[in-house]
Amino acid sequence: MGDIVSTELPPLTQERPLLELADFDEVVRLYRPRIFRFIMASLADRDVAESLTQDCFLKAYNARNQFRGESSLSTWLTRIALNLVRDHLRSRRIRFWQKTRDSALDLVDISDWIPDTAVSAETACLQRERVKEIWKAVDELSRHQRMVFILRFVDEMELSEIAETTGMNTSTVKSHLYRALRIVRERAGGKA
Amino acid sequence: MNSDMEQNNLEPSGEFAASIRDFRSAVTHVAERETSRPLTASWLAPARKRRRNAQQRMVLAWAACAALLCFATLPFFSHSRPSPIHPAAPALAAVAAPAPESDTALLEQVDTDISESVPPSLAPLADLDSLNTASSNTLGDSSAHKKSLRTESTNVTQ
């Protein structure tokens with residue numbers, strides 16, 4: 001992961017102790033961007049991401065007494081978000097006739113949000129094109145592959161953390177990640 | 001060999017790594033922008049409402065399932081129980097009730113028919129019939145007389 005730069009969000013290592021769950025507003029303030037980002041990257045839909053983020057924190061609040069601190073708070077919250085995403089995808093598959101993803105982020109739209117790093121116009125254009133291709137490729141991955149890919153390269157989780165969050169064993173996580181990377185590399189124009 | 005290759009391929013490098021990095025930056029920026037608005041007190045209210053609606057839908061679904069199950073199993077229960085009175089039974093009883101009256105009437109009619117005078121063409125047969133009756137009566141009397149005599153004689157001997 002040496003090539004992946006650190007996020008602007010608070011790093012996962014700044015885990016708050018269990019007692020701080022009592023200050024739930026602080027928990028929401030700290031983890032809301034991360035949970036929103038995970039859900040939005042999984043579903044590519046801003047409105048659904050906002051709704052599921054609310055659901056995630058409501059569930060966490062209602063189940064706060066069940067949190068024993070065996071895993072980190074972010075792992076616990078991500079697991080709740082993961083289950084919500086899975087349920088949403090399942091219900092969306094059932095309601096396939098309904099118009100879904102009305103507010104889905106356009107791939108070009110998200111590619112416009114690359115931070116300006118004072119690069120040339122040509123480089124910026126190339127970056128946008130690459131982001132667009134990557135996101136399109138990620139969107140076409142299977143559910144498990146997309147989940148593992150996002151947890152690894154967006155949330156920057158270690159393989160063991162991904163295994164703990166998803167309930168898979170590490171070798172299954174590796175297998176999904178390997179396939180996801182291969183597919184994304186191929187579909188994103190074979191640039192590697 | 002394969003696992004080593006797989007392990008190496010789990011870490012993107014070069015231009016592909018840069019693409020993933022840009023992708024991550026874009027997603028992070030959108031997430032930050034969307035969550036930058038300050039939270040209001042009613043931020044979780046829509047989630048609560050959705051949860052309540054989901055619970056109500058669940059209760060209604062279970063109630064509908066239970067009602068359907070009841071309707072589906074009702075015929076089996078009604079067949080397994082012994083039927084109280086067959087609907088045709090009262091009709092049969094109603095038909096059978098006036099039977100004594102009709103029997104009485106029938107007997108009376110038979111009596112009337114029997115008591116009618118014998119037509120002239122059958123008169124010789126009627127005479128024969130009366131003669132037979134009389135002879136049988138006579139025979140019956142004589143046998144009874146013989147029997148009584150036998151009883152008396154036995155009494156005497158004793």
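## Make-up and confidence

The model has an ipTM of 0.78 and a pTM of 0.62. Chain A contains 8 helices and 0 strands, and its elements follow the order α-α-α-α-α-α-α-α along the sequence. Chain B contains 6 helices and 0 strands, in the order α-α-α-α-α-α. The table sets chain values side by side.

| Chain | Residues | Buried |
|---|---|---|
| Chain A | 192 residues | 39% |
| Chain B | 158 residues | 9% |

For chain A the mean pLDDT is 79, with 72% of its residues at 70 or more. For chain B the average pLDDT is 73, and 59% of the residues score at least 70.

In chain B, helix 4 (residues 88–96) has the lowest mean pLDDT, 56, while helix 2 has the highest, 87. Over residues 1–19 of chain A, pLDDT stays under 50, and the model has 27 contacts beyond four places in sequence for this stretch. Where pLDDT is low, the predicted coordinates should not be read in detail.

Among contacts in chain A that join residues at least 6 apart in sequence, 66% are between residues at least 24 apart.

## The largest nonpolar core

The largest nonpolar core holds 51 residues, and those with the most contacts inside it are A:Ile39, A:Met40, A:Ala81 and A:Ile134. At least two residues of this core come from each of the following: helix 1 (24–43), helix 2 (46–62), helix 3 (73–94), helix 5 (121–139), helix 6 (143–153) and helix 8 (170–187) of chain A, together with helix 2 (14–34) of chain B. Helix 1 of chain A gives the most to this core, with 9 residues. Both domain 1 (14–99) and domain 2 (106–192) of chain A give residues to the core, so it lies between them.

Two residues illustrate the contacts in this part of the model. Not counting residues up to four places away in sequence, A:Met40 touches A:Arg46 and A:Ala49 in chain A, and B:Val27, B:Val30 and B:Ala31 in chain B.

A:Leu52 is located in helix 2 of chain A. This residue counts as buried because it has 25 C-beta neighbours inside 10 Å, where the threshold for buried is 20 or more. Leaving aside neighbours within four places in sequence, the contacts of A:Leu52 are A:Ile39, A:Ala81, A:Leu84, A:Val85 and A:His88. Two of these partners, A:Ile39 and A:Ala81, are also listed among the residues with the most contacts inside the core. The C-alpha atom of A:Leu52 is separated by 8.1 Å from that of A:Phe36, and the two residues are 16 residues apart along the chain.

## Helix 6 of chain A

Of the 11 residues in helix 6 of chain A, 9 are buried, so this helix is largely enclosed by the rest of the structure. The buried residues are A:Gln145, A:Arg146, A:Met147, A:Val148, A:Phe149, A:Ile150, A:Leu151, A:Arg152 and A:Phe153.

Helix 6 of chain A packs against helix 8 of chain A at an angle of about 90 degrees, and their axes are 8 Å apart. The two helices are therefore roughly perpendicular to each other. On the helix 6 side, the residues in this packing are A:His144, A:Gln145, A:Val148, A:Phe149 and A:Arg152; on the helix 8 side they are A:Val173, A:His176, A:Leu177, A:Arg179, A:Ala180 and A:Val184.

## Two loop residues with positive phi

A:Ala44 has phi near 55 degrees, a positive value in a residue other than glycine. A:Ala44 sits in the loop between helix 1 and helix 2 of chain A. With 21 other C-beta atoms within 10 Å, A:Ala44 is buried.

A:Glu156 likewise has a positive phi near 55 degrees and is not glycine. A:Glu156 belongs to the loop between helix 6 and helix 7 (159–166) of chain A. A:Glu156 has 17 C-beta neighbours inside 10 Å, so this residue counts as partly exposed.

Methods
Residues are numbered from 1 along each chain as its sequence is written. Chains are lettered from A and ligands numbered from 1 in the order in which they are written. This is a predicted model: local features need pLDDT of at least 70, side-chain atom pairs count only at pLDDT 80 or more; totals for chains, interfaces and linings use all residues. A nonpolar core is a set of buried Ala, Val, Leu, Ile, Met, Phe, Trp, Tyr and Cys residues joined through C-beta atoms within 7 Å. A residue is buried if 20 or more other C-beta atoms lie within 10 Å of its own, exposed if 12 or fewer, and partly exposed in between; C-beta atoms are placed from the backbone. Helices (H or I, at least four residues) and strands (E, at least two) are DSSP runs, numbered from the N terminus. Domain bounds come from an automatic or database domain assignment. Two residues are in contact if their C-beta atoms, placed from the backbone, lie within 7 Å. pLDDT is the predictor's confidence in each residue, from 0 to 100. Axes are lines fitted to C-alpha atoms, for helices over the stretch in contact, and angles run from 0 to 180 degrees between N-to-C directions. Angles under 35 degrees count as roughly parallel, over 145 as roughly antiparallel, 65 to 115 as roughly perpendicular and the rest as oblique.
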